[in-house]
Amino acid sequence: MRSLPEADPGVPDIRSPLRFLWWNARRQTVPLLGGIGYASLWWLVQALMPFVLGKGIESVTAKDTGSLLAWSAILLGLGLLQAFTGIMRHRMAVYNWLAAAYRTVQLTSRQAARLGATLPKRLSTGEVVSVGNSDIAHIGSSMDILLRGVGSILAIVTVTVILISTSLPLGLLVLFGVPLMAFAVGPLLRPLHRRQQAQRELSGELSTRAADIVAGLRVLRGIGGEQVFAARYRAESQRVRHAGVRVAGVESVLEGAQTVLPGLLIAIVTGVGASFAVAGDIPTGQLVAFYLYAVFLIGPTRTLTEAADKLTKGHVAAGRVIRILSIEPEVSGGSGASEGGVLRDSYSGVTLQPGTLTAVAAADPDDAIAIADRLGRYVEGDVTFGAAELRTLPLEQVRSRILVADNGARLFNGRLRDELDVRGTATDAQIREALGAACATDIVEALPDGLDARVAEAGREFSGGQQQRLRLARALLTDPEVLILVEPTSAVDAHSEARIAERLAKARSGRTTMICTTSPLVLDRAEHVIYVENGRVLAEGTHRQLLDGTPAYAATVTRGED
């Protein structure tokens, strides 16, 4: 099978679920049309078989051996053609399913990377995860069903033409019977659509709840909150179950209609055809053909009902994808350039001198985080980098030159070496140096495979303090032009914190570094300390100068103690 295509560059500006499905179909026009061709030919071959079989029975009753052999050969040829087209139809169906599903994954992944810090602010984790878990399957199925759906319509038209040419009453019966069956299931689609959408929203919320519980399991155990959150999860899971039962109720009626309505049409067509045969209006061979046609019509009519169901689910899934694609990043970049230099936040007055280790202590920790976000351009702000405004620089350049490392960063699944050396360019000596500066050497030495050890999802095999030290080592190994650390030692013991403060100053010597902290051990090692109150710079100097001359600073860093 041919390789899957890459998604188009960029993220399309599509605001409608139907337009998204149409856009997806257009991106795979050739394989989609090829699959429709194979599916149509597959259905058409099956539609002709009852006619050929009926002619063969007429040859038997007429004792015409030559005609019987001819029709038998035609039937064999149709059987071989059906086998070939069936195989190719299935191959193309799988290809179109995968192409549509994974094109959606590519788009959402690209959009997630484009949004960056904006995405978790606008959507929950469960909402994003559900796109990859279920929505891509429904979008792929909506492309897959187009093949058999179009082919089934062609098959029904072919059978109708054959029946009309043979018996006008039977042909008209099929011609009007099939649309009536389609209209009969129409009223079920709207409540199905509504219930599927409600279940999808509840499933996303439940996934978010599960992710939060897993992420905070250690804390929950520490405060004895496991049972409380387990009860909440149990209650929400029951809501999802009830929503699923409501969806299944409509789907069961739809599934029953797929069997009852075609069966009813078969009974009517067969009964009318039998009355014509008894009256001598049609030969026995045609009666058998009529019965086979009626049985054959079960497949196309069920396919049409299945198409309605899958296209409805695809429409709901596309709506979720559109919700992600329609989000715009909170910040964007320009096309300017900067040679670097002083990094200054005009609102707060925080100024980072090149090559200096600066510490920012804030009376309210949220103020320090807000300053770090503005300096790293994660939110809009009046920030200058050298002679240029930060907003005028390309966002990719800002991310590569200014690194904001906070405690929300995660360790991902994979080799520890790859988690620390994200660019894949560091030597073993450089990795050991970064681990030493972060006091994380003992963590690696305790692992059986050292740097080649596998890290579980979110680094859950490490304690909070170990994760924090490994994240610090990763940030140091990245070695950006400007490094901004937010509370890098909040989860480690005092002895480790003192060593990290001393080694961090040496590791970043001569490079611009800012540490948001209120730890006296870290502040005492900083070359310059800035005290922020109510979001603005209140005092500057060394740690000891501020302790002596700024009572508010002293109260903040000593926690009100003398």
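The following legends describe several close-up views of one predicted model.

In this predicted model, local features require pLDDT of at least 70 and side-chain atom pairs count only at pLDDT 80 or more, whereas totals for chains, interfaces and linings use all residues. Residues are numbered from 1 along each chain as its sequence is written, and side-chain values use heavy atoms, with hydrogens and water left out.

**View 1. The six-stranded mixed sheet.**
An open sheet of six strands has the order β6-β9-β10-β3-β11-β12, and its pairing is mixed. Strands are DSSP runs of E with at least two residues, helices are runs of H or I with at least four residues, and both are numbered from the N terminus. Two strands count as paired if DSSP finds at least two bridges between them. The edges are taken by β6 and β12 (536-541), each of which has a single partner strand, so one side of each is left without a neighbour in the sheet. From one strand to the next, the twist averages 20°. Strand β11 (residues 528-533) pairs with β12 in the antiparallel sense over five bridges. Within this pair, Y531 has A539 of β12 as its bridge partner.

**View 2**
Buried means under 20% relative accessible area, exposed means over 50%, and partly exposed lies in between (1.4 Å probe, protein chains only). V482, I484 and V486 point one way from β9, while L483 and L485 point the other way. Strand β6 (residues 402-405) runs parallel to β9 and is joined to it by four bridges; I402 has V482 of β9 as its bridge partner. Five bridges join β9 to strand β10 (residues 512-516), and these two strands also run parallel. I484 stands opposite M514 in β10. From β9 the chain passes through helix α17 (residues 494-507) to β10, in a β-α-β crossover that is right-handed. Right-handed here means that, with the strands pointing away from the viewer, the path from the first strand over the helix to the second runs clockwise. Helix α16 lies across β6 and β9, at about 170° to β9. Axes are lines fitted to C-alpha atoms, for helices over the stretch in contact, and angles run from 0 to 180 degrees between N-to-C directions.

**View 2. The largest nonpolar core.**
The largest nonpolar core has 33 residues, of which L416, L420, L435, L470 and L485 touch the most other members. A nonpolar core is a set of buried Ala, Val, Leu, Ile, Met, Phe, Trp, Tyr and Cys residues joined through side-chain atoms within 4.5 Å. Two or more residues each come from α13 (416-420), α14 (428-437), α15 (441-445), α16 (464-478), β9 and α17. Helix α16 gives the largest share of this core, six residues. Not counting residues up to four places away in sequence, L416 touches V444, L447, G450, L451, A453, V455 and L470; contact means heavy atoms within 4.5 Å. A second, separate core of 26 residues includes A93, L147, V321 and I322. In soluble globular proteins, nonpolar side chains tend to be buried together.

The buried residues of α14 are I431, A434, L435, G436 and A437. Among the elements that cover them are α13, α15, α16 and α17. C439 lies in the loop between α14 and α15, and its phi is positive, about 55°, although it is not a glycine. This cysteine counts as buried, because its relative accessibility is 4%. C516 is buried as well, with a relative accessible area of 2%. The structure holds zero disulfides, a disulfide being a pair of cysteine sulfur atoms within 2.5 Å.

**View 3. The four-stranded antiparallel sheet.**
Four strands form an open sheet in the order β2-β1-β4-β5, with antiparallel pairing. β2 (351-352) and β5 (388-389) stand at its edges with a single partner strand each, so one side of each has no neighbour in the sheet. Two bridges join strand β4 (residues 383-385) to β5, and T384 stands opposite E389 in β5. Helix α11 (residues 365-375) lies across β1 (343-345), β2 and β4, running at about 125° to β1.

**View 4. The loop residue K63.**
K63 lies in the loop between α2 (29-61) and α3 (65-115). Although K63 is not a glycine, its phi is positive, about 55°. K63 is exposed, with a relative accessible area of 76%.
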